[in-house]
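This report walks through a structure shown below, beginning with a strand pairing and passing on to the nonpolar cores, a helix and the aromatic contacts.

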Amino acid sequence: MMRIGLFLLTNLAVLVVAGIILSIFGVGSYHGAGGLNIGNLLVICFVFGMVGSMISLFMSKWMAKKTTGTELIDPNAPRNQAEVWLLQEIAQLSQRAGIQMPEVGIFPSYQSNAFATGWNKNDALVAVSSGLLERMNKDELRAVLAHEIGHVANGDMVTLALVQGVVNAFVMFFARIVGDFIDRNVFGREEGEAPGMSYFIITIVLDIVFGILASAIVMWFSRYREYRADEAGARLAGKQAMISALLRLQEESQLPDAMPKEMKAFAISAGQEQGFSLAALFQTHPTIEQRVAALQQLDCP
């Protein structure tokens, strides 16, 4: 769960900064005597949108470590048997999934949780909470690790970055289309007149508003990728072990969680709204019940 919330937060910040730069320095490139040059605007927004998303992607592992307080395990000098077991299991799962061994870490949290992140599948990080190590049995823990390795092997972060980049482009594009319309028809800018401060302020506000609304698309992808990671976990560690791990996470959902709110989308577990609601559109994960039901339909031992 932790992966996406931080990614989105970073991306929104970069999007706003990119929007400010675009509004100040790029206005002449897509505004002419005849009004907006739609073609130029779309190309410029695509470039700025993808840059924002790529920056978020490349920063994801570093920010995940800093935000959660993850302490990396030295593969050459594990400090105890738990660390030895973690390294061995993740090495085996990574080999079976066809990826290079990721960095392995532990972050302080009483609640059982785990996350994986990184800019590509051969330069990733898998981390587990101290609570997960203390209370889950080895079969359940192995299933959680397999789920996170599934995220890495599926290339979820790269795909997320591409989806977010396209969303960014359209957010910036429509913010400027609507901003230009409002500036001309509400604030009375004359045809051929250069955009003023009102246009810049409107587009920055619209970047934020449209960016938040458009995140529902990214959240839909996040929920979809959880099903795929659950399937990968079931195939690598066993379906019943994956189901058992999810049910254990559900039992612990009321325990105190030290994981920062902005990191929720990166983890294996997150609180969800039950049933349909507006808030459910912005959930990073399906409910445990939905995930277990999907696994039960899976043709897998």
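## The S5–S6 hairpin

In this predicted model, strands S5 and S6 are connected by a hairpin of five residues, and the two strands run antiparallel, joined by five bridges.

Five of the five residues of S5 are buried, so the strand is largely enclosed by the rest of the structure. Ala114, Ala116 and Gly118 point one way from S5, while Phe115 and Thr117 point the other way, and both sets are buried. In a regular strand, side chains alternate between the two faces of the sheet.

## Nonpolar cores

The largest nonpolar core comprises 36 residues, and Leu86 and Leu145 are those with the most contacts inside it. Two or more residues of this core come from each of the helices H4 (81–97), H6 (138–153), H8 (197–237), H9 (239–251) and H10 (288–296), and likewise from each of the strands S4 (103–107), S5 (114–118) and S6 (124–129). Helix H6 supplies the largest share, with seven residues.

Leaving aside residues up to four places away in sequence, Leu145 touches Trp85, Leu86, Glu89, Ile90, Leu93, Val126 and Val128. Apart from this core lies another, of ten residues, which includes Met157, Val171, Ala214 and Met219.

## Helix H9

The 13 residues of H9 should span 18 Å at 1.5 Å a residue, and because its end C-alpha atoms are 19 Å apart, the model agrees with that expectation.

## Aromatic contacts

The structure holds seven aromatic pairs. One of them is formed by Phe58 and Trp119, whose ring centres are 5.3 Å apart and whose planes lie at 40°, so the pair is tilted. This pair links distant parts of the chain, with Phe58 in helix H3 (residues 38–68) and Trp119 in the loop between S5 and S6, 61 residues apart. Trp119 counts as partly exposed, at 37% relative accessibility.

Tyr199 and Phe200 form an edge-to-face pair, with 5.9 Å from centre to centre and 65° between the planes. Tyr199 is buried at 0% relative accessibility, and Phe200 is also buried, with a relative accessible area of 17%. Phe170, Phe173 and Phe174 form one aromatic cluster, and Arg135 lies over the face of Tyr110, at 4.2 Å from the ring centre.

Conventions:
Residues are numbered from 1 along each chain as its sequence is written. This is a predicted model: local features need pLDDT of at least 70, side-chain atom pairs count only at pLDDT 80 or more; totals for chains, interfaces and linings use all residues. Side-chain values use heavy atoms; hydrogens and water are left out. A nonpolar core is a set of buried Ala, Val, Leu, Ile, Met, Phe, Trp, Tyr and Cys residues joined through side-chain atoms within 4.5 Å. Buried means under 20% relative accessible area, exposed over 50%, partly exposed in between (1.4 Å probe, protein chains only). Helices (H or I, at least four residues) and strands (E, at least two) are DSSP runs, numbered from the N terminus. Contact means heavy atoms within 4.5 Å. Two strands pair if DSSP finds at least two bridges between them. The expected span of a helix is 1.5 Å times one less than its number of residues. Rings of Phe, Tyr and Trp (its six-membered ring) pair if their centres lie within 6.5 Å; planes under 30 degrees apart count as stacked, over 60 as edge-to-face and the rest as tilted. A charge sits over a ring if NZ of Lys or CZ of Arg is within 6 Å of the ring centre and within 35 degrees of the ring normal.
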